[in-house]
Each structure stands twice: as structure tokens, then as C-alpha cells.
Amino acid sequence: MTGYLPIAGYGVIGDLHTAALIGRNGSIDWWCVPRFDSPSVFAALLDNRRGGAWSVGPEAPYTSEQRYLPGTNLLETNFHLDQGGLLTVSDFMPLGAQRGGKAAIYRRVRGIRGLVPVIVRLEPRFSYGADPVRFHPRQSGLLATGGDREVLAFSATPGIVWQLEEGAAVARFGLRPQDTMWLVLRHDEDEVLSIDALDPQATMDDTAHSWDNWLSKLTYHGPFRQEVERSALALKLLQYHPSGAMVAAPTTSLPEWPGGERNWDYRFTWLRDSSYVLYALNHLGFDSEAEAYLGFFKRVCRQSDARHLQILHQVDGAHHLSEQELTHLDGYGGSRPVRIGNGAIDQFQLDIYGELLDTLYQGHRTRTPTEGVWLAIRRLVDWVAANWTTADYGIWESRREARHHVFSKIMAWCALDRGVRLARRHRLPADTAAWSRAAAAVREQVLNQGWNPERQSFVQTYDAPDLDAALLAIPLVRFLSRTDPRVQSTLVAIRQELSAGPEELIYRYRSPDGLAGEEGAFLVCSFWMVQNLALVGQLDEAERLFRLLLRRSGALGLFPEEIDPRTGDFLGNYPLGLSHAALLNCAVTLERLKRSQAAGGRE
């Protein structure tokens with residue numbers, strides 16, 4: 001993939017409205033603004049010729065590495081010149097009041113050692129690279145405009161001389177030790193303010209304090225504290241603060257296999273993914289995210305009326321979302337198509353009711369749901385009780401006909417079970433007798449039709465013998481006890497048939513799904529395997545595999561959707577909230593079980 005960094009070579013910054021990907025070469029190759037699901041300003045990630053980028057780095061041979069400032073989402077890229085110089089670029093996006101109501105990217109360029117020749121190349125391309133850019137010099141920098149309304153204000157430390165080329169602004173200068181240059185890009189702003197007026201160092205300090213203050217709420221103090229901190233910070237980056245929604249990932253169309261067609265847009269909020277993320281954050285002390293999401297959840301439920309829940313929404317809760325292909329973009333490493341929107345929006349996926357109700361149940365075990373929340377919950381559970389026999393498209397969103405997925409039925413049982421538990425625990429009005437009968441019927445059907453006696457395993461669908469790693473959730477949601485022989489034999493079957501590599505990375509399934517080409521091992525399933533091993537008493541083996549999985553992260557501790565077990569290459573959208581949520585749940589489970597073991601107990 002000539003000209004493209006590996007996906008693991010990117011760090012991410014954000015402001016709880018949108019996010020940007022910055023390569024270890026100092027190039028911002030992805031930024032959609034003002035929201036996660038807005039058109040891009042920089043999209044070299046998906047087309048390094050037409051997409052647009054903003055690069056800052058040495059104009060000399062170098063090696064580089066990235067790190068986050070501890071306890072924050074402020075990214076630092078260090079460039080080590082072959083001739084001995086050292087340059088540091090620090091990137092961040094202001095939060096809250098410092099944001100001033102508009103998205104901005106701040107870049108501090110600092111000489112550390114030697115005289116370093118620096119080149120800055122600003123090459124925005126509005127509307128996913130479709131609209132050309134025009135530059136307008138100003139006293140303190142540049143104004144960049146495109147299309148009918150797009151505008152960027154670019155402020156820089158005085159003394160930089162800009163050369164305007166076709167579609168790009170370029171500057172070259174040298175930095176000595178302790179020399180500092182600031183570059184600030186603000187969206188939807190037509191006044192190019194001076195750097196002094198922006199006070200970037202104070203903004204940087206305030207932003208770092210905001211991240212550190214948020215992280216101070218973390219209640220985990222186990223052996224994987226560093227990895228847990230980074231995953232929690234990564235998940236927080238995926239929150240759209242105005243609505244409380246959580247996007248699945250900040251990117252679109254990063255391929256699940258090089259050159260394949262499995263390229264999807266994840267810049268939206270999936271009820272399933274959000275439920276797992278909120279479940280993880282809730283267990284770590286981050287209650288405000290759960291409260292914000294409850295408001296989003298109630299709005300979504302009001303929109304659904306008598307129809308099944310829509311599985312994904314725009315970040316503001318809007319439910320109109322079509323899938324399109326951007327034929328003018330080459331795709332990451334030439335992997336087409338590039339998609340915006342997501343055609344899975346109209347799929348019926350029964351399992352989302354279970355994930356959603358389980359998260360809501362966990363969040364309300366010690367406090368009574370408000371009237372509005374309970375009305376929404378009751379309507380959802382009533383709907384499941386009446387419709388659980390309907391075939392669906394399953395958790396993996398296959399693009400073939402609807403089928404009776406075993407995992408979906410198990411999660412329907414979970415929704416009914418949690419509804420009954422909530423109603424009885426808090427003495428809330430509900431037809432719990434009908435819910436209990438429906439739960440018993442689901443359970444009986446799954447045990448009769450979802451279990452394959454020849455394979456000694458639960459299987460993906462009622463009508464085929466294929467395995468599905470989603471079935472690792474059976475003991476996690478307590479459909480069956482972790483000591484049940486059927487749970488343990490299913491675990492063995494999945495580990496034998498769906499794992500690959502020394503780390504035993506787990507594939508989702510091996511059965512046809514209506515799409516061409518291969519895909520990588522799915523990280524969520526790999527973390528689920530760790531949790532299962534821990535639950536069945538194999539704590540040492542679970543911890544061994546967990547540590548191997550953690551080594552699969554990039555240098556920044558970020559995870560994608562999938563990994564190629566043969567090469568270690570990251571695949572799919574990045575960073576993926578579901579992967580980090582699964583990591584957090586693993587860490588919490590391992591710590592809880594190890595404490596119990598040390599105390600001589602058994603959970």
C-alpha cells in the first residue's frame with residue numbers, strides 16, 4: 001500500500017464532537033467537521049492524492065514515534081533526525097468552554113535538539129475531497145474556503161512565510177532548541193486571529209487538565225491500570241457530547257481486508273455498541289456518560305413507535321441515514337468502495353434489545369428508573385415478548401436473508417429476564433407474568449434448536465451447524481451457568497475452530513455471509529474468549545491470553561476492529577469503541593475473579 005501509513009501508525013485527538021487521525025509522520029489525514037458524521041476536511045486516509053491533509057514535520061530523513069501525555073488525549077509526535085536533531089509536535093483539540101462553540105486543532109511545533117528544517121503543508125479538501133480550496137492571505141495567517149459555505153481560519157506564529165500552490169499552502173522554516181511555533185486551524189470561522197489572542201499554551205494546559213480531571217474518576221486499581229486508562233480515554237473520545245451518543249468509531253471505510261468490499265461507515269451510534277461501552281464505563285466510575293446516554297436512549301425509543309428499534313442513528317439521534325459510495329476516492333490503500341452512511345440501518349436485529357436492557361439493568365440495580373426511562377423499558381420488553389420468534393439479521397449484520405440466530409434469541413431472553421428483574425426489584429408496573437412466560441419459551445427453544453448434539457456446541461443458527469463466536473456471551477449474560485457442560489464444550493469448539501495464531505485471535509465465524517472476500521480476526525470475540533476462560537476457572541490461561549492481546553495494540557494502546565493474525569496488521573475502522581469496551585470488561589473481570597480467588601471464595 002504505497003503511500004499509506006499502517007492503521008496502527010495513527011493517533012487520535014478529539015473534542016467530544018469530532019475527532020482527527022494524526023499519523024506518526026505528522027500528517028493529519030482524517031478530520032470530519034463539525035461532527036463525527038460530517039463531510040471530511042482532510043481525507044488522505046482514504047485517498048492520498050485527492051483527500052487532503054495537513055502535515056508538519058522535518059524536511060530531512062528521520063524516524064518518529066508517538067505517545068499521549070499521561071492521563072490525557074493530547075498527542076505528541078517526536079521526530080529523531082538521522083543527523084541528530086529532535087523535533088516535537090504536540091496536537092490537541094480544546095474541550096468545553098475552551099472550544100468556544102467551534103472545532104479547532106492546535107499544533108505546537110518545538111525544537112528540542114539541533115537546527116531542524118521544518119515543512120508545513122496545509123491542503124484541505126472539503127466535502128470528502130470533492131470541493132477545491134481557495135486561500136486568502138490575512139495578517140495573522142490564512143483563510144481557506146471551499147464550496148458554498150466551508151471556511152477554515154488558519155493562525156500561525158508571526159514570521160512564517162507562506163507559498164500558495166494549487167490547492168495547498170506551504171511554509172518552510174528552521175527551529176533551534178526551545179524555539180516554538182504554534183499553528184491553529186479553526187472551523188467555520190472567518191476571522192484569522194493572532195496567536196497571542198488565542199493564547200494557545202493556556203488552552204493546551206486547560207485541555208490537559210480537563211482530560212486529567214475526567215480520568216481521576218476511574219475506580220479501577222488493578223494490574224492493568226495503564227491499559228485501562230488509555231481505553232477509557234479512547235472511549236470518551238467517541239462520545240458526542242451534545243446528545244450523549246457514542247459513535248462506534250470516528251472513521252469510515254477502513255477495510256476489514258485489503259482490497260475487499262467490507263468497508264463500512266462507523267461514524268454513527270449503534271445501540272448495541274453504545275450499550276457495551278456504557279456498561280464498561282459504568283463499572284469504572286464514569287456515571288455521567290450513562291446519564292447522558294439515558295437521555296439519548298429515551299429520544300430514540302420515542303422515535304421507534306410500534307416498529308422495531310432502529311439499530312443505528314446519527315449522532316443527534318436522527319434516524320434518516322442512507323448508504324452511498326464516493327466513487328471519486330480510491331480508498332485506503334486502494335480498497336474500494338468508500339462508503340458514507342450505512343445500509344444496515346433498516347435491518348432487524350433482535351439482539352440489541354438484550355444488550356440495551358442488560359446495560360440499563362446494571363445501571364439501575366441500586367436506583368429506581370425514572371418514570372420516562374421505565375416507560376421506555378416496559379415498551380421494549382413488551383415488544384420483545386410479542387416478537388421474539390421473528391427471524392433477524394444477527395449481531396454481525398450479514399447481508400443475506402434473515403434467519404433464526406441463536407445469539408439473537410439468547411439476547412431476547414436477556415431482555416425479558418432483565419425486564420422482570422427490574423420490575424420486581426423496584427416494584428414497577430409491568431406484566432411480569434407474560435414476560436416470564438416468554439423468557440421460559442425462548443430458553444426452551446434455544447436449548448432444543450440452538451444446541452447441536454453432534455458438534456456438542458451451540459451453533460450460529462437453528463438451521464445450520466456453523467459456529468459463531470458471539471455464543472461466548474452465553475455465560476456472560478447468565479443464560480446458562482459457566483459450569484454448565486454445554487457452555488464449556490461450546491467454548492472448546494470455538495477455541496478449536498475459530499482461533500488463529502499463537503495469541504489465539506478469534507474469528508467471528510467461518511460461514512458465508514453474503515459478502516465477497518476475507519476478514520480479520522475480531523478483537524471483541526478475542527476478549528470474550530479471555531472472559532470465558534476466566535469464568536470457567538482458567539484464570540492463569542485467561543491472563544496469559546489477555547497479556548498477549550494487549551501486546552497487539554499499537555504503540556499508543558489503541559485497538560481497531562480486527563487484526564490479521566498472520567501479519568499483525570490492523571483492519572477495519574479505528575479506534576473501535578467495542579474493542580476497548582471489551583478490553584475494559586476483561587480487565588475488570590480478571591481483577592474481580594483474582595480477588596475472589598485470593599479470598600478463598602468462588603463467584
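Me: Which residues does A43 touch, not counting those up to four places away in sequence?
Reply: A43 touches D29, W30, G51 and G52, where contact means heavy atoms within 4.5 Å. This is a predicted model in which local features need pLDDT of at least 70, side-chain atom pairs count only at pLDDT 80 or more, and totals for chains, interfaces and linings use all residues. Residues are numbered from 1 along each chain as its sequence is written, and side-chain values use heavy atoms, with hydrogens and water left out.

Me: Is A43 buried or exposed?
Reply: A43 counts as buried because its relative accessibility is 0%. Buried means under 20% relative accessible area, exposed over 50%, and partly exposed in between (1.4 Å probe, protein chains only).

Me: And where is A43?
Reply: A43 is in the loop between β4 (40–42) and β5 (53–58). Strands are DSSP runs of E, at least two residues, and helices are runs of H or I, at least four, numbered from the N terminus.

Me: New topic. Where is Q314?
Reply: Q314 is in the loop between β20 (312–313) and β21 (324–325). Q314 is buried, at a relative accessible area of 19%.

Me: What does Q314 touch, leaving out residues up to four places away in sequence?
Reply: Its contacts include R35, D37, F268 and H320.

Me: Now helix α13. Which residues are buried there?
Reply: In α13, the buried ones are V487, S489, T490, L491, A493, I494 and R495.

Me: What caps the N-terminal end of α13?
Reply: D484 does, with a side-chain oxygen 2.8 Å from the backbone nitrogen of R486.

How values were computed. A polar contact is a pair of N or O atoms within 3.5 Å; within protein, one must be able to donate a hydrogen and the other to accept it, and residues adjacent in sequence count only if both atoms are side-chain atoms.
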